[in-house]
Amino acid sequence: ADVEGIAALSLRGVSAKLDAPVMSLYRHVGSKADLLRHMTDAVLGEAKLPPSPPPGWRPQLELAARLQWRVLQKHPWLARLMSLTRPSPLPNALVHAEWVLRALDGHGLGAAERMRLHIILYGFIQGIAVNLETEAEAASDTGMTDDQWMQTQIAAFTALAGSGRYPVFASVLQELRGGFDLDFDVLFELGLGALLDGFAHILKGPSPRITAAGSSRNR
């Protein structure tokens with residue numbers, strides 16, 4: 001999965017690598033979905049949280065978020081398997097949920113508000129990480145890096161910018177003529193900082209403005 005992507009994974013392929021009959025695998029896993037759950041729990045276990053948390057909710061959330069980010073970078077397929085709407089009861093996933101919910105405890109938020117902040121934090125990390133496998137697949141399919149691919153698109157973007165319909169985009173493109181480095185680590189740190197700044201306003205406010213209004217599902 002790490003080398004070829006999750007689409008390349010099959011029980012038959014695993015049995016071939018193990019030099020074992022494919023039916024023998026069913027003594028250990030009931031299906032491919034069962035195997036994927038075990039794989040997910042195993043790699044989440046690589047993100048070892050310390051026995052004692054650092055002081056303060058923010059350092060605790062930063063620590064957990066960066067550990068998860070490193071695991072997702074190492075295993076790009078993981079982001080596509082972890083669902084916000086249909087989470088699996090995995091022990092190592094709950095270790096991180098426990099850490100985050102504990103960090104948010106004691107600030108006047110109810111259980112629903114703490115759970116929503118936990119989901120928002122993971123959703124941000126997952127949202128950045130899901131692009132890692134997409135980029136790896138695109139590089140494999142096209143034989144080009146993202147920089148090389150962008151070079152093939154410059155003329156089209158320049159033509160759009162010169163149309164007069166997108167003046168702000170045109171000015172940004174002009175300012176970026178020296179190039180733009182799409183560094184996922186930079187994006188992650190910038191986004192994490194902005195997200196936790198928002199959390200800080202919620203945690204210190206007299207009443208959290210986190211509601212289910214406007215959502216299609218009230219879980």
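Which residues does Asp 41 touch, not counting residues up to four places away in sequence? In this predicted model, the residues touched by Asp 41 under that condition are Leu 90, Pro 91, Asn 92 and Ala 93. Asp 41 itself belongs to helix H2. The residue is buried and takes part in no salt bridge. Its nearest side chain of opposite charge is that of Lys 48, at a distance of 9.7 Å.

After H6 comes Gly 143, which has a positive phi near 75°.

Salt bridges were then considered. Over the whole structure, 8 salt bridges are found. One of them joins Arg 37 to Asp 34, with 3.7 Å between the closest N and O atoms. Both residues of this pair are in helix H2 (residues 32–44), where they are 3 residues apart, about one turn of the helix. Arg 37 is partly exposed, because its relative accessibility is 37%. Asp 34, in contrast, has a relative accessible area of 17% and is therefore buried.

Another salt bridge is formed by the side chains of Lys 74 and Glu 46, with an N to O distance of 3.5 Å. Lys 74 is in helix H3 (residues 57–74) and Glu 46 is in the loop between H2 and H3, so this pair ties together parts that are 28 residues apart in sequence. Lys 74 counts as exposed, because its relative accessibility is 54%. For Glu 46 the relative accessible area is 39%, so this residue is partly exposed.

A further salt bridge connects the side chains of Asp 197 and Arg 58, at 2.8 Å from N to O. This pair links distant parts of the chain, since Asp 197 lies in helix H9 (residues 184–204) and Arg 58 in helix H3, 139 residues apart. Asp 197 is partly exposed at 41% relative accessibility. Arg 58 is also partly exposed, with a relative accessible area of 22%. Through shared partners, salt bridges join Arg 58, Glu 62, Arg 66, Glu 189 and Asp 197 into one network.

The largest nonpolar core has 46 residues. The members that touch the most other members are Leu 61, Trp 69, Leu 78, Leu 121, Ile 125 and Phe 199. At least two residues of this core come from each of H2, H3, helix H4 (78–81), helix H5 (91–104), H6 and H9. For Trp 69, contacts were listed without counting residues up to four places away in sequence. On that basis Trp 69 touches Ile 125, Ile 128, Ala 129, Leu 132, Phe 184, Asp 185 and Phe 188.

Notes: Residues are numbered from 1 along each chain as its sequence is written. This is a predicted model: local features need pLDDT of at least 70, side-chain atom pairs count only at pLDDT 80 or more; totals for chains, interfaces and linings use all residues. Side-chain values use heavy atoms; hydrogens and water are left out. A salt bridge is a side-chain nitrogen of Lys or Arg within 4 Å of a carboxyl oxygen of Asp or Glu. Helices (H or I, at least four residues) and strands (E, at least two) are DSSP runs, numbered from the N terminus. Buried means under 20% relative accessible area, exposed over 50%, partly exposed in between (1.4 Å probe, protein chains only). A nonpolar core is a set of buried Ala, Val, Leu, Ile, Met, Phe, Trp, Tyr and Cys residues joined through side-chain atoms within 4.5 Å. Contact means heavy atoms within 4.5 Å. Lys and Arg count as positive and Asp and Glu as negative; His and the chain ends are not counted.
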